[in-house]
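Reader: Hi! Could you walk me through this model in plain words?

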Amino acid sequence: MMGEKPLRVLACGDVEGRITALFNRVNTIQKKSGQFDLLLCVGEFFGTSPEAEAEWEAYKSGAKKAPIHTYVLGATSQETVKYFPSSDGCELAENIVCLGRRGIFTGASGLQIAYVSGREAQQEPAPAHCFTAKDLTSLLTPLVSSSKFKGVDILLTSQWPRGVWQYGNNPEIDTKFCGVSSIADLAEKLKPRYHFAALEGVHYERLPYRNHVVLQENAQHVSRFIALATVNNPAKKKYLYAFNIVPMKCMDAVELVKQPQDVTENPYRKPLKEGKKYKPPPSAVGEEEPVSQFFFDLGQKKQQHHRHQQNQGAGRKRQLEGDRSSQPKQPRKPPQPPGPCWFCLASPEVEKHLVISIGTHCYMAMAKGCLTPDHVLLLPIGHYQSVVDLPSDVVEELENYKSAIRKFLKSRGRRCVLFERNYRSQHLQLQVVPVPMERCSTEDIKEAFMVQAQEQQMELMEIPEHTDLKQIAPPGTPYFYVELDTGEKLFYRIKKNFPLQFGREVLASEAVLNIPTRSDWRDCKNSREEEEALTKQVRSDFQPFDFTLDD
């Protein structure tokens, strides 16, 4: 059946008149990975400068031609209304079609695209570049009134839906004035499988969200909201998004409602009981034993420096924690292990000669039986089992360490690969393995992880860059997680019998470091003297990047 072949679609953010730049990029993509069926542009397509007008003239006159069927939304500002001969759908130039004010576009394949152009009107009568409540009703009513209505394949709007970030990862913008509720309402009712928007100048891929209430309603497909940046933006934020989609009406129902692992609650659903504040569980902080003195005498000056930092944060923290302690001046004590732990900094089992650097909440140490001479571990000082168990101040310092190590390795021509296995381990160890840039690209490393996971019947999932792992893996969930030097993250929720050396095996394999005999740390043990020498070397190399030494 012809209908089941996926369509290959490109979505784009604000073009702002850089039409040739966009089409050049599309050509490059199509040369590399074959033809796409259509290009959908959200946000402001036209520019207002004389150059932009001249550039458009070339397409309008037929001197230049779009290399792909292109569909654009209407104007989002008064200045660009002049480019649209009518507020209804019409062809603007060969292969470039304006969809119109609002409506539903159904392709030959059965793909359903709902769209609303422009911004929400603030006054009556609405200016030409704005939509009204009436526009939304006339789009919604005919669709939603059918008992067969399950949702649409794609929704295109220029403005963001207000509150889409709720229960999800946060966009990199101030959300105070971002988005409008009318679009949120529309998205909730239309249940698009993909919803694209622009106008905010950022790229934001929200985690997929559910369209049903778990255990109360039958499973429905998930929705993905993706905001795209402006074409050729100087910060190189993503403005083009490529995806394959089989129209909903051609899909097997079971396939359609499959829930990805990182799915979240619906951001637009109002919680049932308004006004009930979430109360964090009472913490056991009070009963803990004092942590014995860390074995490095870090010098008086540094100790005071840290105490000062903690007091500075204390006021803000106290508000956040509902004023649990009557003496905010006491720094919070890190949790203690139930028994001996090889990685708690205060514990006698720690091999202190492996320590490279110590911060307030985290420390960096040489990996025992290291894969390469610069393979290190990042660990919390207190006894935490995994990244998702860490309080925010520890996370913050861990991120500082990660970025310092990335800079350090980059200066030495190496990519930084981080991985964590939260399975049969009691103290978080973030493994940091450097891979020389000339050995392979980040893509190669990613592929090695994907392929070797598949060989072991495991499906590694790619998760959006700014995702907090806590949303995907509640504390207590066993998982394996990789972070590449580009910020891309791969995640696997461990079911059972996970190969303990998996991360190491992939990196040691021929595809990456090509040192397969070193895949088990027990085969790479060094003498104490060798360990001391390696640690000393990395400590002195890392020193210029070590932020814990800055006073």
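Predicted model: local features only at pLDDT ≥ 70, side-chain atom pairs only at ≥ 80, totals over all residues.

Reader: Great. How many helices and strands are in the chain?
Author: The chain has eleven helices and 22 strands. Both are DSSP runs numbered from the N terminus: helices are H or I with at least four residues, strands are E with at least two.

Reader: And what share of the residues counts as buried?
Author: Of the 551 residues, 49% count as buried. Buried means under 20% relative accessible area, exposed means over 50%, and partly exposed is in between, with a 1.4 Å probe and protein chains only.

Reader: What part of the contacts comes from residues 24 or more positions apart?
Author: Such residues account for 72% of the contacts in the chain with a separation of 6 or more. A contact means heavy atoms within 4.5 Å.

Reader: Let's do sheets. Which strands make up the open sheet of six?
Author: The order is β6-β7-β10-β11-β13-β12, with mixed pairing. Its edge strands are β6 (102–106) and β12 (204–205), each pairing on one side only. Two strands pair if DSSP finds at least two bridges between them.

Reader: How do the strands run around β10, parallel or antiparallel?
Author: β7 (residues 112–116) and β10 run parallel, joined by four bridges, and Ile113 has Ile154 in β10 as its bridge partner. On to β11 (residues 194–197): β10 pairs with β11 in the parallel sense over three bridges, with Leu156 partnered by Phe196.

Reader: And β6 with β7, parallel or antiparallel?
Author: That pair is antiparallel, with five bridges. Arg102 stands opposite Val116 in β7.

Reader: Back to β10: which way do its side chains point?
Author: Ile154 and Leu156 point one way from β10 (residues 154–157), while Leu155 and Thr157 point the other way, and all are buried.

Reader: What does β10 make with α4 and β11?
Author: Together with helix α4 (residues 181–190), the strands β10 and β11 make a right-handed β-α-β unit. Right-handed means that, with the strands pointing away from the viewer, the path from the first strand over the helix to the second runs clockwise.

Reader: New topic: how many aromatic pairs are there?
Author: A search of the whole structure finds 30. One of them is Phe46 with Tyr83, a stacked pair at 4.1 Å centre to centre with 5° between the planes. Rings of Phe, Tyr and Trp (its six-membered ring) pair if their centres lie within 6.5 Å; planes under 30 degrees apart count as stacked, over 60 as edge-to-face and the rest as tilted.

Reader: Are Phe46 and Tyr83 buried or exposed?
Author: Phe46 is buried at 1% relative accessible area, and Tyr83 counts as buried at 10%.

Reader: What about Phe449 and Phe502, how do those rings sit?
Author: Their centres are 6.2 Å apart and their planes are at 70°, so the pair is edge-to-face. Phe449 lies in helix α8 (residues 442–455) and Phe502 in helix α10 (residues 502–508), so the pair ties together parts that are 53 residues apart in sequence. Phe449 and Phe502 are both buried.

Reader: Last one: where is there a cis peptide bond?
Author: A cis bond joins Glu124 and Pro125, with omega about -15°. Pro125 is in the loop between β8 (119–120) and β9 (130–131).

Reader: And which residues other than glycine have a positive phi?
Author: Lys191 is one of them, with phi about 45°; this lysine lies in the loop between α4 and β11. Gln457 is another, with phi near 60°, and Gln457 is exposed at 70% relative accessible area.

Key
Residues numbered from 1 in each chain as written. Heavy atoms only, no water.
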